[in-house]
Amino acid sequence: MRCHSEIVVNEVNFVRKCIATDTSQYDLWGKLVCTNFKISFITDDPMPLQKFHYKNLLLGEHDVPLTCIEQIVTVNDAKRKQKVLGPNQKLKFNPTELIIYCKDFRIVRFRFDEAGPESAKKVCLAIAHYSQPTDLQLLFAFEYVGEIYHNPAKKVNGIDPGGGGSGISSASSQQTPLFETYSDWDREIKRTGASEWRVCSVNEGYMISTCLPEYFVVPSSLADQDLKLYSYSFIGRRMPLWSWNHPNGSALVRMANIKDVLQQRRIDQRICNAITRSHPLRSDVYKSDLDKCLPNIQEIQAAHNKLKQLCVNDPFDDTEEKWLSSLENTRWLEYIRAFLKHSAELVYMMECKHVSVVLQEEEGRDLSCLAASLIQVMLDPYFRTIVGFQSLIQKEWVMAGYQFLDRCNHLKRSDKESPLFLMFLDCVWQLLEQYPAAFEFSEVYLTILYDSARISLFGTFLFNCPHQRVKESTEFAISKNIQLGDEKGLRFPCVWDWSLQFTSRDRLLFHNPLYVGKSTPSVHNGAPRTFKRSKKNYSSTLRGVPPAIKNGIIGEQEFLPRRNSLILKLKPEFFHSAEGQSHSMEQYFRDWFAKPVDLHGVILPHLSGTQIKLWKLCYFRWVPEAQINHGGSITAFHRASLLADEVDMLNRSLRQYKSNSSLQGHCSELDQSRMYFRANGLNDTSGTPDFLSSSFPFSPVGNLCRRSILGTPLSKFLSGAKIWLSTETLANED
């Protein structure tokens, strides 16, 4: 299983992959291979204790992409030496063991007891070198795309690079808008009914700002000449960016800080006046300073490191009895709650107060990506579909200049690393967990999307901004004598082409069987459709009222056990406004929670301590001890899939009966299914498949594990108590 431009750089035979720490009876023997794309372990031994594996067409079950590697530790038992390997480092001892810590919380371990010592050392050094490149153009995507341009007949799985297809199912022909063209933005304006806004091409060729897209949306009353003049005053020359329009005319806008102090008030007033004129009611503009009311990227990175320490590194004996407080001390869930809470409050401003909201941030390309995306997921059901969600990520993250290269630390040398994109997916998972019928996609889809950001084949999550892709790929093309013609840089494979990674059958796991109804598509019969809802449908919301709704969405005693909690300090500005507005906001949320859910309207988060959860599938899927055989949320997913499939079978049978189709056509349609788990027939009573576990569709077998947890407090966690077990780490000794 190797891409055509993938090159083996080193390998070693007679390697043992450790399956368990307390016994070697399950270990696998094979060859450890380092390529310019991944590390592979090739074995003829069947994987023990494993009944299912979700196959990735690019990666084998023992493969790890180089960009997913966090740390490489070599060990020599005889000399009692351990060393963390960096790029271009020397290794003074022959390793007997290699431990690889992955960014997705995996730990894989190999033994070299029977391997040649020099060969073992060389493969360890090769992995360290190729997993920590010194230059962006050394990432595998460049090698792959360069080969494609020189040999157009060579494609991964027969797919051209650069497409925007959803690739969700063979029947799906709807493409994911990439927002690289004028027309994509124009369609979004029409879809949301933003009649007083226009697509601006002033940045064509990145002439104004290198961290903005070539095309973006601005108020119609702002002339291009004014925008050019104002751009000099913004940090990074990042002019205000339109994100979305509410049916009532309120707009969501992102804006960087104005660095020119002397001109700040005048330019700010000019921009706000233009936004006001774009509102049909000429409503005021509400500005939210995200730098003041949300955790910064350093705090988020620190929380993620603590979460990883809790889940991966800390010894079990030290954490089993204080796991709840340790989880709280990471502050990860606290920050999840902060983003959800603040986004919900801004939803109130747009939905109830009918004002446009400006998200202000120093550079306007970190916290605003997350906040703008969450607001749109809560307000617009289109962004809760698969294609809509993908277009949202393209619009608010990829094209808006989120720094994936630095924040994901693909080159392993950035001090700007911060998992904001993971935090966004976690926030969306919280909403999916609370309102499963409102989302077309499943948590498996969200988890695989996170994993895909660590695969260096795709250009989607590889760059800091669109201009960087054009600049770096053009330089690469010149160095490799590639003729670009009229193209603006090389076209890299798009992550939304899911057929690159998974078969059509496996992609059915992306579908949520509980999803009800369809949102308004962006295009219908070739013509744009306007995003509209009736007032009645739009205002109805959630299920029953939580026990305490005070001073905002949820009473703070419900979810803030610590006095110094971040959210106690993060009172949004409008909480300190006039008493009348504060009362209006409280009343809005009371009414909102009291009404039944409208799956095609607004959804807002429950924020109590028990309702903001840790995303177990994402963070715990690689720990064998945490598996619950025939348990976890997948069991409900399985039963819901069977029921949905039975309903589909009945509908198809009814349609065939009414149309009096031929028997052949009847059988053909009945064979179709949108569910991964299919009913054997009507009233299917078959039990849970034997291969299902709480880690499904992932398999933790083959990752570093610890002793049995039977009779320990972890077994209580698996039954619902929040106690966790983690694995050991190695000290860094030269």
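## A four-stranded sheet

Four strands come together as an open sheet, running in the order S11-S12-S14-S13 with mixed pairing. Strands here are DSSP E runs of at least two residues, helices are H or I runs of at least four, and both are numbered from the N terminus. Two strands count as paired if DSSP finds at least two bridges between them. The edges belong to S11 (241–245) and S13 (285–289); each has a single partner strand, so one side of each has no neighbour in the sheet. On average, neighbouring strands are turned by 20° against each other, ignoring direction.

Inside that order, S12 (residues 251–256) and S14 (residues 356–361) pair in the parallel sense, over five bridges. If you want to find one on screen, look at Ala256, whose bridge partner in S14 is Glu361.

## What you're looking at

This is a predicted model, where local features need pLDDT of at least 70 and side-chain atom pairs count only at pLDDT 80 or more, while totals for chains, interfaces and linings use all residues. Residues are numbered from 1 along each chain as its sequence is written, and side-chain values use heavy atoms, leaving out hydrogens and water.

## Two helices side by side

Helix H14 (residues 420–434) packs against helix H15 (residues 443–452) at about 180°, with the axes 10 Å apart. The axes are lines fitted to C-alpha atoms over the stretch in contact, and angles run from 0 to 180 degrees between N-to-C directions. H14 and H15 are therefore roughly antiparallel (the label for angles over 145 degrees).

On the H14 side, the contact (heavy atoms within 4.5 Å) uses Phe421, Leu422, Leu425, Val428, Trp429 and Leu432, which meet Glu443, Leu446, Leu449 and Tyr450 of H15. By class, that makes nine nonpolar residues, no polar ones and one charged.

## Aromatic pairs

The model has 44 aromatic pairs, counting rings of Phe, Tyr and Trp (its six-membered ring) whose centres lie within 6.5 Å; planes under 30 degrees apart are stacked, over 60 edge-to-face, and the rest tilted. Take Phe142 and Phe463: their ring centres are 6.1 Å apart and their planes at 80°, so the pair is edge-to-face. Phe142 sits in helix H2 (residues 140–150) and Phe463 in the loop between H15 and helix H16 (466–479), so the pair ties together parts 321 residues apart in sequence. Both Phe142 and Phe463 are buried (under 20% relative accessible area, with a 1.4 Å probe and protein chains only).

Tyr676 and Phe677 also pair edge-to-face, at 5.1 Å centre to centre and 90° between the planes. Tyr676 counts as buried at 8% relative accessibility, and Phe677 counts as buried at 6%.

Notes: Angles under 35 degrees count as roughly parallel, over 145 as roughly antiparallel, 65 to 115 as roughly perpendicular and the rest as oblique. Ala, Val, Leu, Ile, Met, Phe, Trp, Tyr, Cys and Pro count as nonpolar, Asp, Glu, Lys and Arg as charged, and the others, Gly among them, as polar. Buried means under 20% relative accessible area, exposed over 50%, partly exposed in between (1.4 Å probe, protein chains only).
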